[in-house]
Amino acid sequence: MIKGIIFDLDGVICSTDVYHFEAWKQTMKKLGVNIDQNTMDKLRGVGRVEGFKMMLNDAKITLSEQEIIKYCDEKNELYKNLLNKMSYSDVSDENRAALYKLKEKGIRLAIGSSSKNARLVLEKIGLRDFFDAVSDGNDLKAAKPDPEVFLKAADMIELPPAECFVVEDAESGIDAAKNGGFTAIGISAAAKYERTDYPINSLSEIIGILEKTGTETKI
Ligand code: G6P
Ligand code: MG
């Protein structure tokens, strides 16, 4: 019986990829490295420092931990400035309507994101107070594919993983969901991933999946 849904944020509720890309492009340029969309695809769902280390590794650049933190902080300042461009209209009408419909059905809704900026993004898109819980990249000990971020979210909405869907756009996020014992719904790149239980093109399709699998809701 599904009673809760945990949503990844970037790439699921809204698209921040373009801003991450721009901020990383400017940061990596300082190190003489040009990055492309392929690099960005690899960073999807990966934490800030882990992602930077992956790019350094690919470029065969060694930096001290102190320098790594400095570059990551610089990238984050650029990224936060770019987030000022985001607004309510960054969530499609269809996705917003689906979220409200799920809430009306009495499903508990949470965010499970690796981003330390999740609350800032939610504020920009007008969903700061919408979710019952927000589990984000702050205070996380292990990054996806470790299930920690989703297990914390499930704990916050007081449900066991077996009673929650996780909605993800990254393969590492689907792995995290499956490793934690959740049912995984995949969108975008994750829709094609072999470990995904239900592929979707739009959040509105979740309502149909819930009806198929059965829920204990108000309706
Ligand atoms: C999400 C994005 C990643 C990003 C990560 C950390 O998972 O998909 O591309 O690196 O969050 O985001 P942050 O806002 O903490 O730098
Ligand atoms: Mg994502």
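1. Asp169 is buried, with a relative accessible area of 3%. This comes from a predicted model, as does every value below. Asp169 sits in the loop between strand 4 (164-168) and helix 8 (171-179). Keep this residue in mind, because under 20% counts as buried and Asp169 returns in the next point as a metal donor.

2. **The magnesium site.** Which residues hold the magnesium ion (ligand 2) as protein donors? They are Asp8 (OD), Asp10 (O) and Asp169 (OD). Their distances from the ion run from 2.0 to 2.2 Å. Along the sequence, the donor spacing reads D-x1-D-x158-D. Asp10 lies in the loop between strand 1 (4-7) and helix 1, and Asp169 in the loop between strand 4 and helix 8, so this pair ties together parts that are 159 residues apart in sequence. Asp10 also counts as buried, at 13% relative accessibility.

3. In the contact, domain 1 contributes 15 residues and domain 2 contributes twelve residues.

4. **The largest pocket.** How much space lies in the largest pocket? The value is about 570 Å³. The lining has 33 residues, and those closest to the pocket centre are Val46, Gly47, Arg48, Ser114 and Ser115. Each of domain 1 and domain 2 gives at least three residues to the lining. Four helices each supply at least two lining residues: helix 1 (17-29), helix 2 (37-43), helix 3 (48-58) and helix 4 (65-83).

5. Sorted by class, the lining has 13 charged residues, eleven polar ones and nine nonpolar ones.

6. **Helix 8 and its cover.** Which residues of helix 8 are buried? They are Ser172, Gly173, Ile174, Asp175, Ala176 and Ala177. Their cover includes helix 7 (148-156), strand 4 and strand 5 (183-187). Just after helix 8, Gly181 takes a positive phi of about 90°.

7. **Backbone angles to check.** Most residues other than glycine have a negative phi, and most peptide bonds are trans.
   - The peptide bond from Lys144 to Pro145 is cis, with omega near 15°. Pro145 belongs to the loop between strand 3 (133-135) and helix 7.
   - Glu158 is not a glycine, yet its phi is positive, at about 55°. Glu158 lies in the loop between helix 7 and strand 4. With a relative accessible area of 66%, Glu158 is exposed.
   - Ser188 is not a glycine either, and its phi is also positive, at about 55°. Ser188 lies in the loop between strand 5 and strand 6 (198-200). At 44% relative accessibility, Ser188 counts as partly exposed.

8. **Val134 in strand 3.** Is Val134 buried or exposed? Val134 counts as buried, at 11% relative accessibility. Its place is in strand 3. Leaving out residues up to four places away in sequence, Val134 touches Ile111, Arg119, Leu122 and Met156. The C-alpha atoms of Val134 and Ala153 are 6.7 Å apart in space, while the two residues are 19 apart in sequence.

9. **Ile206 in helix 9.** Ile206 is found in helix 9 (residues 205-213). At 0% relative accessibility, Ile206 counts as buried. What does Ile206 contact, leaving aside neighbours within four places in sequence? The partners are Ile5, Phe7, Leu102, Phe165, Val167, Ile185 and Ile200. Gly47, 159 residues away along the chain, is a separate matter: the C-alpha atoms of Ile206 and Gly47 are separated by 27 Å. Gly47 is one of the residues closest to the centre of the largest pocket.

Terms used:
Residues numbered from 1 in each chain as written. Chains lettered and ligands numbered in written order. Predicted model: local features only at pLDDT ≥ 70, side-chain atom pairs only at ≥ 80, totals over all residues. Heavy atoms only, no water. 1 Å grid on protein atoms, 1.4 Å probe; cavity = no way out; pocket = protein on both sides within 12 Å on 5 of 7 lines; lining within 4 Å. Points joined across faces, edges and corners; volume = space filled by probe spheres on them. Nonpolar A, V, L, I, M, F, W, Y, C, P; charged D, E, K, R; others polar. Domains from an automatic or database assignment. Donors = N, O, S within 2.8 Å, 3.2 Å for Na, K, Ca; no water. Buried < 20%, exposed > 50% of the residue type's maximum accessible area, 1.4 Å probe, protein only. Contact = heavy atoms within 4.5 Å.
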